[in-house]
Amino acid sequence: MAPVRELTVGQVAMRSGVAVSALHFYEARGLIRSHRTSGNQRRYGRDVLRRVAIIRVAQEVGISLADIAAAFQSLPEERTPTREDWNVLSTGWRDELDHKIAQMKKLRDGLTDCIGCGCMSIDKCPLRNKEDRLSAQGSGARRLVVAR
């Protein structure tokens, strides 16, 4: 008996742990591909399982779908992404992840302190941001923004 080369949307959903609606969404965004049978049913190549796994991992660490789609442009179509492909993708995301980690640490460490927004509604603000001096640096929560 020959191995199954194509999967239904239900099989992909079950194997990947992703809802059918999410698979349709990913497909609409160009992240994964299917083709239609003569009965107009979607069929996916087995490579889609690894692509969905990459999407899930990347989203879990905060990579946007737009960035995932851009990274997927470097992958050949209808080939299961390899360890080397993953190395290239993850290396490309490393700087952005490092920035997000620094931002999250700064947020965590300063969350209970004044955020420097200039609102003057927190009793610490007049002392920490007297006369809204931080406004010269830009709008928003200036004390919690990590510079790029």
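Predicted model: local features only at pLDDT ≥ 70, side-chain atom pairs only at ≥ 80, totals over all residues.
Residues are numbered from 1 along each chain as its sequence is written, and side-chain values use heavy atoms, with hydrogens and water left out.

**View 1. Overview of the protein.** The protein has six helices and three strands, where helices (H or I, at least four residues) and strands (E, at least two) are DSSP runs numbered from the N terminus. Their order along the sequence is β-α-α-β-β-α-α-α-α. Buried residues make up 28% of the 148 residues; buried means under 20% relative accessible area, exposed over 50%, and partly exposed in between (1.4 Å probe, protein chains only). The accessible surface is about 9,900 Å², with 53% of it belonging to carbon and sulfur atoms, by the Shrake-Rupley method with a 1.4 Å probe. Of the contacts (heavy atoms within 4.5 Å) between residues at least 6 apart in sequence, 56% join residues at least 24 apart.

**View 2. Packing of helices H3 and H4.** Helix H3 (residues 47-60) packs against helix H4 (residues 65-72) at an angle of about 140°, with the axes 10 Å apart. H3 is therefore oblique to H4, since angles under 35 degrees count as roughly parallel, over 145 as roughly antiparallel, 65 to 115 as roughly perpendicular and the rest as oblique. The axes are lines fitted to C-alpha atoms over the stretch in contact, and angles run from 0 to 180 degrees between N-to-C directions. Arg51, Ile54, Ile55, Ala58 and Gln59 of H3 meet Leu65, Ile68 and Phe72 of H4. By class, this contact has six nonpolar residues, one polar and one charged.

**View 3. Surroundings of Thr8.** Thr8 lies in the loop between strand E1 (6-7) and helix H1 (9-16). Thr8 is partly exposed, with a relative accessible area of 25%. Apart from neighbours within four places in sequence, Thr8 is in contact with Arg42, Arg43 and Tyr44. Ser34 is 26 residues from Thr8 in sequence, and the C-alpha to C-alpha separation of the two is 9.3 Å.

**View 4. Surroundings of Gly17.** The loop between H1 and helix H2 (20-28) holds Gly17. Gly17 is exposed, at a relative accessible area of 52%. With neighbours within four places in sequence left aside, Gly17 is in contact with Val12 and Arg56. Gly17 and Ala53, 36 residues apart in sequence, are 9.2 Å apart in space, C-alpha to C-alpha.

Notes. Nonpolar A, V, L, I, M, F, W, Y, C, P; charged D, E, K, R; others polar.
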